[in-house]
Amino acid sequence: MEKIVSLTKRRGFIFQSSELYGGINGAWDYGPVGTLLKRNVKDAWWRAMVQDREDIVGLEAAILMHPMVWKASGHVDGFSDPMIDCRTCKKRFRADDLDGAICGQKPSKKPGKGGQDFCGGDLTEPRSFNLMFETALGPLSDTSAKCFLRPETAQGIFVNFANVVQSSRVKLPFGIAQIGKSFRNEINPRNFTFRSREFEQMEMEFFCVPGTDDAWFEKWVQTRWEWYGQLGLKKDRLRLRPHEKLAHYSKATTDIEYLFPFGWGELEGIANRTDFDLRQHQRGVRTLPAWQKEGGELTGLPLADEEAEYHKGKLSYFDDEKKQRYIPYVIEPAAGADRATLAFLCDAYDEDGAPDANGKVETRVVLRLHPRLAPVKAAVLPLLRKDGHPERAEALYKDLRKRWMVEYDESAAIGKRYRRQDEIGTPLCITIDHQTLTDGTVTVRARDSMTQQRIPESQVASYLQDLIGLP
Ligand code: GAP
């Protein structure tokens, strides 16, 4: 993991947020190549979930939402982790995740799995800590102005369900997909970007007819599992983990986990959320007048419970075929863009041997990223900085960059330039040499095999397109 963290910093993938001021815990900045990689991950998700399908539409909801949303969703009362304090060193830990927790003053023999005994300090009883970040809307700071940074993008989809049904021609079953930032005041952010306080989610809520939900759940677990494999994650580093303990909204949940260098970790959770959220928002809307009368107080308000009314409310769906009104069930594949990016980075990292200019074999660091995810698709390299090579190379570079992220590099020896591209996962290096000027051919050098081939310059674009596999 240390090697990956160091490469990502050295080559401009990921930096610590506010590093200049000593950093801030749980927040990360993506550098020039990291931004491209993460964008490619999100684009691949969007393409698979929205563009390639006829039954899913997109949405981009605001991060700030009405506070009643979070009361109705259950987050105000239930979105918390058990936290314990160490009286000896004053550090805080997650009571259900004491793996690696060590007291700052009285470390025990060896950190590791094993719970409180391994902490070494004097621990309090666990108490619950709500993970939502609070802020205030506008210049007033009384309770009526209190609001939250969203801890999941999903609620933006649920509260827009009726808007989407009314404004688009969607019919059940259909999905609404969204990519966006979420915030959680995690007690122990750790494992690089894996658990952060600010992160990006790629979530889709798939609305279906009650009774068809179990089948759709299985289908989505399978579809999402395949997506990671199609983009190159090694199958033996992926596993499915059905949950025994379920979240308050879920009837069934299965996680897709990846074997990171620090152990197995969740990439995505697929949940059967039943009709829980839409029902809760029907309740929330009814409770609104009481909430306003109480001055925006979010505690202790009874949520109206009129079963018969649910099926008539704003968030129900009129089924033309059945001539019936009901609340749809929801299957939710919820992925993390940062976690997926980290998994692709870890999976792609490799070291092998490559000959230097004198034929001596040196260690080569290479990111074997899927060409679709690679931040830079090709590098155009003039062999010499003279004899017309740069002009010819620059013309090709300018042409290719109309379609893809491509780099031009004329500094250093050719081997060193190859190595630089290998480290950021560029699948193809195209070299312009004296032969190019006479017969119009270039050398294409493959990142993974390091093999070289001469092809006509006019075929470079289609060669690259075949490699990336997208129009
Ligand atoms: N809407 C359901 C939901 O939010 P979740 O399992 O809590 O479910 C979904 O989150 C995904 O979001 C996770 O699988 C993970 O990829 C990502 N995620 C959650 N918390 C995160 C954190 N603190 N840092 C980075 N990614 C996180």
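Thr274 counts as buried, at 14% relative accessibility, where buried means under 20% relative accessible area, exposed over 50% and partly exposed in between, with a 1.4 Å probe and protein chains only. This is a predicted model, in which local features need pLDDT of at least 70 and side-chain atom pairs count only at pLDDT 80 or more, while totals for chains, interfaces and linings use all residues. Residues are numbered from 1 along each chain as its sequence is written, and side-chain values use heavy atoms, with hydrogens and water left out.

Thr274 lies in strand E13, and its phi is near 50°, a positive value in a residue other than glycine. Helices (H or I, at least four residues) and strands (E, at least two) are DSSP runs, numbered from the N terminus. Most residues other than glycine have a negative phi, and most peptide bonds are trans. Phe192, in the loop between E9 and E10, also has a positive phi, of about 60°, although it is not a glycine, and Phe192 is buried with a relative accessible area of 10%. The peptide bond from Leu172 to Pro173 is cis, with omega near -5°; Pro173 is found in the loop between helix H6 (161-167) and strand E9 (174-183).

Of the 22 residues around the ligand, Glu152, Arg184, Ser196, Glu203 and Glu266 come nearest, a residue being near if one of its heavy atoms lies within 4 Å of the molecule or strand in question. By class, the shell has seven nonpolar, five polar and ten charged residues; Ala, Val, Leu, Ile, Met, Phe, Trp, Tyr, Cys and Pro count as nonpolar, Asp, Glu, Lys and Arg as charged, and the others, Gly among them, as polar.

An N or O atom in the side chain of Arg184 is 2.8 Å from an oxygen atom of the ligand, whereas Ser196 places a backbone N or O atom 2.8 Å from a nitrogen atom of the ligand. A polar side-chain atom of Arg273 lies 3.4 Å from a ligand nitrogen atom. Of the 550 Å² of accessible area that the ligand has on its own, the protein covers 91%, with areas taken from the Shrake-Rupley method with a 1.4 Å probe and, for residues, only the protein chains shown counting as cover.

Turning to the nonpolar interior, a core is a set of buried Ala, Val, Leu, Ile, Met, Phe, Trp, Tyr and Cys residues joined through side-chain atoms within 4.5 Å. Of the 54 residues in the largest such core, Met202, Trp220, Trp227, Tyr228 and Phe344 touch the most other members, and helix H10 (residues 337-348) gives the most to this core, with eight residues. A second, separate core of 21 residues includes Ala154, Phe174, Phe207 and Tyr326.

For the chain as a whole, there are 14 helices and 23 strands, and buried residues make up 50% of its 471 residues. Among contacts (heavy atoms within 4.5 Å) between residues at least 6 apart in sequence, 63% join residues at least 24 apart.

How values were computed. Polar contact = N/O pair within 3.5 Å; in protein donor to acceptor, adjacent residues only side chain to side chain.
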